[in-house]
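Please look over the sequence and the structure shown below before reading on. The report that follows takes up a few parts of the structure in turn.

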Amino acid sequence: MKRTTVKQRVELSSYCWIITLLTTAFICGIFICCLKIADNDIAVWLWGVAVAVLFLSALCYMPLSISLDNESLNINRSVKIKSIPLTEIANVKLCAPTMGAKRICGSGGWFGWYGWFSEKDLGKYFAYYGKASDCFLVTLKNGKKYMLGCKDAPEMVNAINEKINQ
């Protein structure tokens, strides 16, 4: 079987860019203020560790692109790729998250949306996207759900459906 790959970039919304820039500036500003206070070494170290953990978690989960090959659907992140075998996918459909989504644990715009969310109609899902308008819902056979987003979501949904319906 010929190995074909479809890959789409995750684009961040204007809201994401603003939240990312403001939050990053705020975090770095506080760290710089801590550095200027010479008599508070413990606060500098604690804040430095907190900043490192925040940025590392963003790098670990921030979605960069979504790709599809003959075996799996891949969420490409800076540090690690999350792969979902096509044999585990039950359903894929275009589906934008609503403003009523509740964040359980994750980012609501800082370097994208990622983490656990819950909605009345959809239930609990794990999200990896940059714009709500670019989203699609992947439901696995075991009931787990992923809200994913990429530049051309309709093309990605069609490609995934072709692969899982072969």
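## A pair of facing residues

In this predicted model, Ile75 stands opposite Lys82, a residue of strand β4. The strands concerned are β3, which covers residues 72–77, and β4, and the two pair in the antiparallel sense over five bridges.

## The sheet around this pair

The pairing of β3 with β4 belongs to an open sheet of four strands, whose order is β1-β2-β3-β4 and whose pairing is antiparallel. Because β1 (6–9) and β4 (81–85) stand at the edges and have a single partner strand each, one side of each is left without a neighbour in the sheet. On average, and with direction ignored, neighbouring strands of this sheet are turned by 15° against each other.

Is Val79 buried or exposed? Its relative accessible area is 57%, and because a residue counts as exposed when this value is over 50%, Val79 is exposed. Together with Leu56 and Leu59, Val79 forms a nonpolar patch on the surface, and the accessible area of these residues together is about 280 Å².

## The largest nonpolar core

The largest nonpolar core has 27 residues, and those that touch the most other members are Ile66, Leu73, Ile89, Phe136, Val138 and Leu148. Among the elements that give two or more residues to this core are the helix α2 (41–61) and the strands β2 (63–68), β3 and β5 (89–94). The largest share of this core comes from α3, which gives five residues.

Methods: Residues numbered from 1 in each chain as written. Predicted model: local features only at pLDDT ≥ 70, side-chain atom pairs only at ≥ 80, totals over all residues. Heavy atoms only, no water. Pairing = 2+ DSSP bridges. Axes fitted to C-alpha atoms, helices over the stretch in contact; angles between N-to-C directions. Patch = residues over 30% accessible without salt bridge, like charges linked within 9 Å, V, L, I, M, F, W, Y side chains within 5 Å. Areas by Shrake-Rupley, 256 points an atom, 1.4 Å probe, with all protein chains shown as cover. Salt bridge = Lys/Arg side-chain N within 4 Å of Asp/Glu carboxyl O. Buried < 20%, exposed > 50% of the residue type's maximum accessible area, 1.4 Å probe, protein only. Core = buried A, V, L, I, M, F, W, Y, C linked by side-chain atoms within 4.5 Å.
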